[in-house]
Each structure stands twice: as C-alpha cells, then as structure tokens.
Amino acid sequence: MNLLLVAVGLPLLGAVAGAFLPSRSAALWRWWGVGFSLAALVAAVLVAVQFDMGQGSLQMRLSLPWVPLFGVTFGVGINGISLPLLLLSAVVFCAAFASFGWIEERQKEYALWLLVMECGLLGLFVATDLILFFVFFEVVLIPSYFLVGIFGRGNREHTAIKFVTYTGVASAVLLISFVLLAFTAARYGGGNLTTDIPALTQAMGAAEARIPAGLQTALFLAMALAFMVKMPIFPLHSWAPDVYRDAPIPVAAVLSGVMSKMGAYGILRIAVPLLPAAASQASWLLGLLGVISILYGAIAALGQKDLRLLLAYSSMSHMGVLLLGIASLNTVGLQGAVFQMVSHGLIIPGLFFVVGLIGLRAQSYDLQELGGLWQRSPRLMGVFLVLGLAALGLPLTSGFIAEFQAFAGAFRASQLQVLSFIGVLGFIFSASYILWMVERTAYGPLPPRLEQASIRDVTAMEWVSPLVLVLLVVAVGVFPALVGTPLTPSLGELLRGLGG
Amino acid sequence: MIDFFSQPTNLWFVVIAFLTLIASLGVVAGEKVMHLALNLGGSFAGVAALFVLLQSPFLAIAQVLIYVGAILVMILFGLMLTGAHATEPTGVETGKKVTVATAVIVLTALTIWGVYGSAGRWPVVPSGLDTSLTALGQALYGHWGVAFEAASTLLLAALVGAIVVSRREDDEA
Amino acid sequence: MIGLGPYVALGAVLFAIGAYGALTRHNPIAVLMCIEMMLNAANINFVAFSSFGGSIDGQIFVIFSLVVAACEAATGLALVLGVYRNRDIQEIGDMHLLKW
Amino acid sequence: MDGLLAVSWLVPFLPLLAFALLTLFGSRLGQGAAWLSILFTGVAAVLAVLLLSPASTYLQDQQHPYQWGFSWLQIGSVTVSLGVSLTGLNLLMLPIVSVIALLVQVYAVGYMHGDARYPRFFAYMSLFTGSMLALVVSPNFLQLYIFWEMVGLCSYLLIGFWYQRSQAAKAAKKAFIVTRIGDVGLLVAIFLIFAATGSFEFSAVIQAVQSRQLGGGFVTAIALLIFLGAAGKSAQFPLHVWLPDAMEGPTPVSALIHAATMVAAGVYLVALTFPIFAASAAAMQVVAWIGAISAFLAATIALAQTDFKRVIAYSTISQLGYMMLGLGVGSITAGMFHLTTHAVFKALLFLAVGAVIHEADTQELDEVSGLWGKMKITAITFFIGALALSGIPPFAGFWSKDGILAAVVSQGNWGLAVLGFLTVLLTAFYIWRIGFRLFFGEQRAPHGYEKVHEAPLMMMVPMGLLALGAIGTGFFGGNISRLLGSGAVPEAGWGVAILATVLALVGIGAAFLTYLRPGFGEAAVARLLGPVWIAFKRKYWIDEGYQAGVVRPTLALAAGVRQADGNIIDTAVESVGAAPGAIGEGVARAQTGRAQTYLAVGTIAVVLLVIVSVIGGSR
C-alpha cells in the first residue's frame, strides 16, 4: 500500500465513516477529527522518514490508468517541494481540529467537511496528474463553501458564495488550460494524449521549440491567473478579506495557511516546469504583481481596524513575497518561495488562532477597542508577539529565512532588480503594521470595558494549536535545513528543466 | 381521380375524413365548452371508423370504448364539476391565434409535402396484416410483455396520482 | 386503391388542428380535449403504418397510446379540478406559477 | 592556547543559553534568575578577556583570523555557515560588550528589585548580550544581519518592558521601525553583494572590492546602503529620533543600549566593512559629514532638555557622531578607541543617573536638585564620567576624542574640524549643566528630600568599577591600535589637545557660571539665545517633521488604500458577480409561467428547424 495514499485516504475514511455515526456529542467530533488528522500526520511523517533526501525526482510513485481514452492517470508521488507542504497541511489540520472550541453547533458536519478538505489538500500536494490535481483542487473548494457559509459569522452566505464563485471561475480557467496543455503537448510532441505531469514535462520539453510562443505564453498566463486567485495576488484578492473575516477561526487558519499555498504550489510545480520558456518571458509580470501585492497588502493592512482584516491583507503581502521568489526563477528565489510557503503556512494559522482567542476574550476584533491584554493573558500575548515578529521577518524565525531568500533571489534575477528595490520597502511597512497591531492589543493600559471582564490566560486546549505552530516557526527559523535539505535536489531538478 | 372514387373504401375514407375534420374543427373553434366535448366525441368516432377502414376492428372497438366511453365521459364530468356553462372568449388574442395557425399550417404543409414528395415509395396496398385478437394478444403478451406491464403500472400510478391530487385538502388542515 | 398517403395527411391535419387548439384555447379542459385529439392523430398514423407496413407493432402502440391517453385524462382532469377548487381558476392563462 | 580558541563560540552562546533557560524556567527561579544570567554572562566575559592574548597571537602567526563554523543553510551551491571569526576588531568588541553587560546586569539586580517580571528582564538582557556578541563574531553578512535584527528585537522588548505604559510601547515601536528603515538599507546592500559576488562572506566581499571587480558606483551604493543600516542602529542624523524616546525603558537597558550593544553595532559595522568605504571617497565624505552633523546637532539639542536621561541620550548620539566622524576621516583606530572609552564612561553616566532616578523617582531636572548631601558617591562617579565625557585629561574621553579631532585636523577638512571642536564646548556645557543642577543648589526631591539615600551596594559596585575604567581606559590606546592593526591613534601635536581641553574647560566654566552663580540661570540663557534656544528645546522640530512628512501621509495612504480596496476593487468584483444576476432578472421577464406560451414558442421553433433542415437538405 502506497504510504501517500494512506495519508490522503485517512481523512477521507474519517469523513465517510463518520457520516454513519450519530451526531450526538461535540467532544466526539473533536476527537474524531483530531484522531484522523493525527493519523494522517503520522502517515505524512512516515513518508518523510522513508523519503530519500538526496534524490530530486518523484518518489513513492504510483500511477494507475484512470481514463485511458484521454491518458488521464491516477498518479501520486512526492518530491522535495511537495514533502514540506504535505507535512505542513497535516500539521495545520491537526491544529485546526484541536482548536475546535469555536464551533458551537452542527459539529458533525463541521468535522466531516473539514476532513474532506484535508483529503483534498493532502491529495493535491501529492497528485502527479493534471486532472487528479484539478479534482483535488475542487475537493478543497466545496467543503470550504459549507464551512464558511454555515459556520461563519456576519454576512457569511454572501461571503461563501463570493468565494466559491470567484475561485470557481478561476478553476474553470485552470481546467481549460490543463486540457489545452495536454492537447498541445500531444499535438506538437506527437505522443499520446496524457495528463501525467512527468510525462507531460518531457513531452513539452521535447516539443518546446515547435509550439508557438504565443500559445505557450497564453497557457502560462491562464494558469498563473487561476493560481493567483487562490493565493491571492493583487488585483485578484478581493474574496480574501471577506473570507478571512467571516470564516470560523480554524477554517480561516486552514484557508489562509494551506489553501492559499495551492496556488503558489501550482505555479511552482505545474506552470513553471511545463512552460519554462513562457515562465521566463512572463517572470517580470509575476514579479511586478508580487511587488504590488507586497506593498498594497502591507499598506492596506496598516489601514485596517479589524484584526482579521489586517491578517488578511498581511497574508496577501506575504503571498507577494512568495510570488516574487518564484518569479526570480533561480535557486535562491525558488528556495525562498518554498520556505515562504511553509513559513507563512505556519505563521498565519497561528496568528488566526491567537486572534481568535483574543476575540473570545475581548468579544471584539476591533483594534480600537483592544489593549493591555499582556496584563491579563501574558502567555497568549507572548505567542502573539513571536508570531507577529515572524510575520515581519525577524531572524531566527521561519519568516526571515523565507523572505531573505526570496528577495536575495529576486535581486539576483536581472529582470527583477528594480522591482526588488521597491519591494524591499515592504519590510518597513510590515514592521509598522505588525508592531502597531501588537501595540494596540498587548501594550498599554486595559480599556475600561475589558477591565470589568474576567479575562483568563489560555487553557491547555486553546494553547496547544498556536504553541505547536510557534515552535515549528522557530524550529524552521533556527534550523532551516529542516526544510532545505529535501528541497535542494528537487529544486536542482526543476531548474535543470528550466535550462538554468 | 375517377379511379379514386371507384373504390367504395375510398369513398368511405373521404366521407369519414371529412366528418372527422369537421368535428375536430368544431372542437377547436367552438365557443361553449359543452359543445366542444360533443364535437370531440364525433372526432373520436370518426377515428374509430378510420380504424375499421384500416382493417383494425379491435382497435376501433377499443377506441370507441375508451375514448368515447371513458375519457369523454370523464371530461364531461370534469366540465360539470368546473362549470359546464363556461364559454371560450372569442375575438381576442388575434395575433397569437394567427401566429400559431401559421405555424401549424406550415407544419402540416411540410408534412403533406413530405408525404407526397416521396409518394413513389409509399405502399398503396394494405399488407393484409393479421389483426385478429389472437395475433394482437400474442404480440401484446409476448414480445411487448414488459412494456405492457410498465403501461399497467403507469395506469395504476396515474390513478393513484389522480386520487391524491383531487382529494379535498381540508381533511388535512 | 387508396394508399398510405391520405391517412398520414389526415393524421397531420388532425394533429395540426389539435395543436392549434391546445395552444390557443383558454379553458383547461378544452386544452385537454385538444391534446386527446393530437394523440388520436398519432394513433391514425400508427394504425395506418401498421396496416400498410405489415407489422403488428403499430397496433400494439395504439393500445399503449390509449393507456397513456387515459392516464393523461385522469391526472389532467384531477389537476384541473384541484386547481379550480383551490384557486378558483378557470383560465389557463391564470396558471402561471411555472416561473420562479 | 588553541584549546581556548576552540571554545570561543561559548562567548556568544552562553548568554543565549541563559536566555533559553530563563525563558523556560525563569518564573520558577524568581530572584535566582538574575544570578543565572550574571553567571553565564560573567563566564562569557572572562572567556572574552582570556581570549585576547591567544587570539591575537594566532592572528599574528597565521595572518588570518581564527575561524570556526558549521553549515547552516544550503542555497543551491552556496553554503551559509554560522560560526565565529576572531579578528582584531572582534577581539576588541567582545570584552567591551561582555564586561559592560555583566556590570549592567549586576547593577540591575538592585535597580529592578521587586519588579513583577524580574526573570523576564534578565532573560531579555541575556538575549541582548548574546545577540550582540554573536553579531560581533559573525564571519559573514547573514549571521551579522540575523543578530543585528535580534539586537533590534531586544531593544524593542526592553524599551517596551513596562508594557502598561502607552509611551513605552510607542517608543519601542518607534525604535524598531526607525532602525528597520536602516536595516532595510543594510539588507539591500547584502542582497546586492550576494547578487554580484554570490557570497555572504566578509572576506570574499572585501576581496572583490579591493581587487576592483566591482564598479566604483556600485561600491559607493553598497557603502551608502551599509551606512544607512549603521546610521539607523547608531542613531545618526536623520535616523536618530528613536534613541531619546528609548529612555522609556528601565535605566539599565538604556545603559546597555547606549554603551555597549545596540548603538555600538552601527559603528562596528562601518569599521568592519571599512575596506568597502575606503574604496569610495564619496561614501567616506558622507560618513564623516553625517557623523559631524549628528555630533553637533545632538549636542545642541542636549543643551536644552530638562529630562536629564534624555540629555544623556542626546549625548550618546553626539558621541556616536564623533565615532562616525573618526571613521569617515579614515581612522578606524580613533573611532574604535572612542567606542571603547565611550562604552565605559557612558555606561557609568547612565548608571549614576539611574541611581538618582531609582532614589528620587523622577527624570525631570526641575523636580530634583541638591543631592550632593545625600548621594556623594553617586555624585563623584557621575562627575568622573562627566570629566571623561567632556574630554579633560587624563580621563578616558580626552585621549580618544583627541585622536578623532587629530585625525580630522590632519585630513585638513576645516568644516568638519569646526563642528568637532564646537561640539567639545557644547558637550562640556550640557553634561556639567546636569551635574550642577542635580547635585547642587536647592535640596529637593519629588517624594521628599529626606527619603533619598545612596543606592544599594549592588548598584554602587558596578558604578565604582566603571569609574575606575573611565579614568583608566584612555591609556590603552596603544594596545587597541596594535590589536586592530589599523595604525596608531592619530596625533596632531599639542595644539589640538590644548585647544580641545581649553574648550572643554570653557564649557564647564560656562555651566558653572550659569547654574551655580546666583542671578544667572537657564532662563537668562534662553532669553539670550531666543528662538535658537527654542529650536534646541524642540529638537529642531524633527519629530514633528517626521510626523507631518512621513507618518501622517503613510497613515493617510493606508486609510486611502483601505477605502479604495473596498470601494473600487471589491465593488468591481461584486458588480461582476452581480451581472449574471441582473441578466437573469432580464431573461426571467420572458418567463411568463404560461405553459401555452412556452409550447407555442416550442412549436414555432420546431417549424423553423424543420424548414431550415428541409432547405439545408435540399441543397
């Protein structure tokens, strides 16, 4: 039995088996979710243990014919780029299940949908077939609709519909470009129709000179567009603030932490290797959008009054750094991009958990109504501060190592140098909004409204999710080799394909 | 043409077809709903007569029994229950009527053109098919057995449905 | 000898008359009647083709058609009665709940 | 001998370990936390001092620095390592940082006594010390930047240590953001260096510069970017605004920031990358002028401040300006020598002032005076520090400041020289102004003069040791220049020395006349100088300028973007989303709900289709 299938299948098993259980107690569903996501995490860790760190190509490969007529395979496999993301997803979902307290009713539905979503995300990161990738891409989307629409707050139905429509349109574009790509490869490469990514990469590589440059660029841009919606990147971001504001906290954590990486992963793993020439042609555009996102997100975050909106824009700013790293198309930048995926995937869910706990205590996410919480909840604020500092790229946290590499790569890429100079200003803005957020929350005197409320420090159950994430953030920051070691050979492989 | 009327069957066809069409036009053009129903009976009877001409006596009898005896009676009951003296408004919606009439006339013309445009290939002599009850019964319960069962189920479902729909709802309220 | 053509033509005319009625009549029961006429037109064709074509299947189809006609009349009338009773509608034009 | 070198990594590691231990177990240790921190820092300090002789021997024998490191991060083919590199510059910095940090921590045992977050304070202090030591021993730019930022973080945490005070939180944030502006400069310099040379190692970079592989303009750009970083950390004009506000932190923190850690990092960085600056005359000019302007401006602002801790803060800016000036005119030795002596006497001044704050519980000159009767030892140590600062021989400051002034004069740039000498006069005036007003005159304190006592022993011991240092360190100029191997301390004959001393004495005399002679006070000076005095007092409105010119526009921009994001982009998206709905509304009108109409349309359509197919088929 392929271990990857075990990891992907366990959450699905949990979701299907759980559907037959009566939905009696909330605690049952919490532990049900924690149990299955932990099992998936264990499977993912076993994958990491068995993974050969020195090898750059796909490992634990399994490829079965699925729709032979169109060359669609059921293919899974893992390399150094997807391994960290697989582990990241498994960890973030465990954290999301552990922080179950926000869901007050219909816990069964919540747990099962979240498990389905986990299956989709884990599957996405190990899929090696375009169509399978797309299937998992959509498997993630549907649960998120229900999770936001049923369990959210505020104008949640509107938000859920907006989110699903927006990203659904992107999905349509994605599917069309996938199919077009497969046909293009078959037509110009002369081989059979296939959607298997490694086979396609070879076919595209062999046929690259014959394929019209315009077609390549169009395909690349279509894919990039679809993926950038998911990240999100300016100006395709407007679903994100709504969703991150209205979704229940664990869902916001999962969406911002892991789902947003689907887009970046798609660009890095599919769009760039399959269309290398178009990628280097369009890299300035990606870099430009990345830099705009960095600055726009950071400045918009500086103007927010709602903690969760602030995080939403901050997330967008960090996604800009990621895109800039990818656009550099060199080892340093790409390594920075993968580090940023992992780093941001740990930081932003942590921040959402902390912000959620703040909201539980203060009954408000409005920065103007908060303050002085350090006096009442020092442990929570400590975690908040560390995560915030990681988000602003402080050394010895994962945030620094990621942003440093991404920018170092961008400065090395001649087409991005001027852009990078502008993008670096994001460091100043990010420091400004993060420290402002911390100041308005943790420092100063307690506002009179909170003086009356009995605010406790965190309980063990609330504590565990953010704490684990903080520890990982620091661990990656202090020992970057944790992520870097499996990555180097795989990135080498990818760059060889780019002819770099 | 002369030859056409030399056959008594042909004469009968012309007469029956004429009467049937007159009755049918009466259904479409009449004003009092009750008159329509009577015209419909004429139309049904005409069709039954045509079946006789086509050497299908069983179907002719079935046509009379079911259409005239059952369906028409049922329609009459329906009319009585919903107000037997209702009349159709006349002289309104002329545009709609003209449009629909044009459409159906064109459709008919096309069909007739289709029939006579390829007249050479149409058989003109009845095949002398065995339409006895035995033959019908064997076909119905043999080759078409499953369809027959399905039809009976449909009938049952329709009966149940009709009862459910027409039941008074005040016993629920 | 009269051929298949006149029967089919007659069926077509009868169908057209029925269709015109079904599309223009205002009384729901009149519409039902017209639909029955259209079914009859089809039956003529069935029997004619069967008789001239030499296959008994056409005859069998008429029997099924009779069944369907009976069902249609039964349910249709039940619906008309239901609507009449519950909503006091006698004009088919007033039955326009089919839109969203 | 090499055995000691092999454990040199312990010097930065021990305080960092202390931080880790205190973070995990600090709350259980209680008062013991301080002693754990002091123990680890103490061992590090001893080690740093003991390292001096074997390491300098190694340096002379091998002609290259002792290096030790481990691979930290692999980026493609580039390996970045963390480790220790012992050059003369590092060897000078290690004892300064560790010894001052040790003394400050001992002092803090008394000063912070009874604070609720006592263990946390020492955890931060350990991290601060460890980060600075790790910064100093960096073999490459990446490690330097890592700990450069960690130092910034510690200053953030410590300035905002009393988190209940909004002012402290604002000051901490300001310190972090303003220094980060500089840090971004340094970061860009590192990126550019990496893009050009593919390496983060100092040696590789300096080799590339000296072998003229890199273009002149490029080197100037890198040098200026590095200097931007240094100016941020060392609070040089115009990025100096964070330092006075940083006085919101506890006084030991101020002592540490101002003497040995944070602000010294900038000067250290310029000295470290001096070959890059040396390759660009323009960059050197900028360094020298910024240094001189900072020295002069800060000294004038210091004249008029009534918060005496702030006066010393401006004094730090001013003295750091001197160091930059020394480096800018080409003398590493002079700059680093002044850094050394300044570390000692500035720490001393802060600790002495801290003792006053601790006892009198105020930082306002107007609220406290005449303490001589109660705090004689403190007063004496303060005046030793003041003598050293104003550059009166044979106190430490005289020798190092003389070196810088000599370097300036020998370079012959009269503009710089005038600023340098004028600052000597101002320095003496402002520091003695505080001394005279604090310890002489009317006897008063905000909570009662009678309650004021000499500070506890734990605070007095470090002060005493530093006072000895403030007298003695001036005589080690030769040793320092040998250690650095960058030439002797510049000398320009008796003229400069006498002029500087006379100016200092004039300054002291003026302060004496102003503040100790009845009938002639600060009000008279203010009247005499008029608007100039107000400019001093309001710090040339630089903070207001930043508020109006940078902060408010940025916040307005942020608010604008927030509005625009909701009003333009999101509205656009929402309207795209609403369009199908509107189209649906329109189409829905055609749906009359009348079955007959539908059927009629269907029939007509069928007819049309049949016609089309017939026509098509006949063709």
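**Cavities, pockets and contacts**

Guide: Helix 14 of chain D supplies the largest share of the lining of the second largest cavity, namely four residues. Before we go on, please note that this is a predicted model, in which local features need pLDDT of at least 70, side-chain atom pairs count only at pLDDT 80 or more, and totals for chains, interfaces and linings use all residues. Residues are numbered from 1 along each chain as its sequence is written, chains are lettered from A and ligands numbered from 1 in the order in which they are written, and side-chain values use heavy atoms, with hydrogens and water left out.

Visitor: What do the words cavity, lining and helix stand for, and which residues line the second largest cavity?

Guide: On a 1 Å grid over the protein atoms alone, a cavity is a set of points where a 1.4 Å probe fits but cannot get out, and lining residues have an atom within 4 Å of a point. Grid points are joined across faces, edges and corners, and a volume is the space filled by probe spheres set on the points. A helix is a DSSP run (H or I, at least four residues), numbered from the N terminus. Here the second largest cavity has a volume of about 50 Å³, and its lining is made of D:Gln236, D:Phe237, D:His240, D:Ser294, D:Leu297, D:Ala298, D:Ile301, D:Tyr314 and D:Ile317. Two or more of these residues come from each of helix 14 (281-304) and helix 15 (308-328) of chain D.

Visitor: How do the residues of that lining divide by class?

Guide: In this scheme Ala, Val, Leu, Ile, Met, Phe, Trp, Tyr, Cys and Pro count as nonpolar, Asp, Glu, Lys and Arg as charged, and the others, Gly among them, as polar. The lining of the second largest cavity then has six nonpolar, three polar and no charged residues.

Visitor: How many cavities does a search of the whole structure find, and what lines the largest cavity?

Guide: The search finds six cavities of 30 Å³ or more, and the largest cavity holds about 70 Å³ of space. Among the residues that line the largest cavity are A:Ile294, A:His318, A:Glu403 and A:Phe427, while helix 12 (307-328), helix 16 (398-412) and helix 18 of chain A each give at least two residues to this lining. By class, the lining of the largest cavity has six nonpolar, five polar and one charged residues.

Visitor: What is a pocket, and how much space lies in the second largest pocket?

Guide: A pocket is an open set of grid points with protein on both sides within 12 Å along at least five of seven lines. The second largest pocket contains about 1,100 Å³ of space. Of its 35 lining residues, D:Lys173, D:Lys174, D:Ile177, D:Gln547 and D:Val551 are the closest to its centre. At least two lining residues come from each of helix 18 (425-442) of chain A and helix 7 (166-197) and helix 25 (542-589) of chain D, and helix 25 of chain D gives the most, with ten residues.

Visitor: Which chains share the most contacts?

Guide: Contact means heavy atoms within 4.5 Å. Of the four pairs of chains in contact, chains B and C share the most contacts, whereas chain A and chain B have no contact, and their closest C-alpha atoms lie 33 Å apart.

Visitor: How many salt bridges and polar contacts are counted between chain B and chain C?

Guide: A salt bridge is a side-chain nitrogen of Lys or Arg within 4 Å of a carboxyl oxygen of Asp or Glu, and the count between chain B and chain C is zero. A polar contact is a pair of N or O atoms within 3.5 Å, where within protein one must be able to donate a hydrogen and the other to accept it, and residues adjacent in sequence count only if both atoms are side-chain atoms. Seven residue pairs are in polar contact between chain B and chain C (both at pLDDT 80 or more).

Visitor: Where is a cis peptide bond found in chain A?

Guide: A cis peptide bond joins A:Phe234 and A:Pro235, with omega about 0°, and A:Pro235 is placed in the loop between helix 8 (213-230) and helix 9 (239-246) of chain A.
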